[in-house]
Amino acid sequence: MEKAIGLLDQNDWRSDASIAYATLRLTLGVNIGLRGIVRIAHGSAAFADGIVKQMQPTVLPPSLVYAFAVTLIWVESAVGLMLIAGFQTRLALIVGGLMMTLLTFGTMQIENFQNAWLQLTYALVIFVVFVCRKWNLISLDALMGSKRS
């Protein structure tokens, strides 16, 4: 008797777990990636200037804040695109997690506790996607036979 699609072996890309994982990874990638891509489209300098203005009350040097903000949008774009494709998923999740740590550090400097909770939510989703990588079967990583990515 054939197994129902939802009950397939967890190593089968058609399993519920693999499809659910791909959906969560894809959604996270779209969310993070479009944050960067939209900011690039609107002008990286405009975004960076806004962040520098937000961070004025802190001890962080404006030049460092500006450099971070300009770099951030490219990192967001790259992490998002990598997650969408399922390419180098492990690396994308590590970089994404560290990015959230740095964003949370800055957010706490300006005492924006509401955004800090949002960043913690991102960190939690990154954690879930990271620890469930065994289901990353609908991805470029799986297609290329990468066991470590």
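Start by selecting α3, whose 24 residues, at 1.5 Å a residue, should span 34 Å; the end C-alpha atoms of α3 are 35 Å apart, which agrees. The expected span here is 1.5 Å times one less than the number of residues in the helix. Helices are DSSP runs (H or I, at least four residues), numbered from the N terminus.

The model is predicted: local features need pLDDT of at least 70, side-chain atom pairs count only at pLDDT 80 or more, and totals for chains, interfaces and linings use all residues. Residues are numbered from 1 along each chain as its sequence is written, and side-chain values use heavy atoms, with hydrogens and water left out.

Stay on α3, residues 62–85, and colour its buried residues: Val 65, Ala 69, Leu 72, Ile 73, Glu 76, Ser 77, Val 79, Gly 80, Met 82 and Leu 83. Buried means under 20% relative accessible area, exposed means over 50%, and partly exposed lies in between (1.4 Å probe, protein chains only). Now show α1, α2 (44–54) and α4 (89–109), against which these buried residues pack. Contact means heavy atoms within 4.5 Å.

Next, select Gly 86, which follows α3 and has a positive phi, near 70 degrees. In the loop between α3 and α4, pick Gln 88. Its phi is near 50 degrees, a positive value in a residue other than glycine. Most residues other than glycine have a negative phi. Gln 88 is partly exposed, at 27% relative accessible area.

Another positive phi, about 55 degrees, belongs to Glu 111, also not a glycine. Select Glu 111 in the loop between α4 and α5; with 57% relative accessibility, Glu 111 counts as exposed.

Move to Phe 130 in helix α5, residues 113–131. Phe 130 is partly exposed, with a relative accessible area of 25%. Which residues does Phe 130 contact, leaving aside its neighbours within four places in sequence? They are Arg 90, Leu 93 and Ile 94.

Finally, select Leu 26, Val 30, Leu 34, Ile 37, Val 38, Leu 81 and Ile 84, which make a nonpolar surface patch of about 510 Å². Its largest share, five residues, comes from α1.

Conventions
Patches are made of residues with over 30% relative accessible area and no salt bridge: like charges are joined within 9 Å, nonpolar side chains (Val, Leu, Ile, Met, Phe, Trp, Tyr) within 5 Å. Accessible areas come from the Shrake-Rupley method with a 1.4 Å probe; for residues, only the protein chains shown count as cover. A salt bridge is a side-chain nitrogen of Lys or Arg within 4 Å of a carboxyl oxygen of Asp or Glu. Helices (H or I, at least four residues) and strands (E, at least two) are DSSP runs, numbered from the N terminus.
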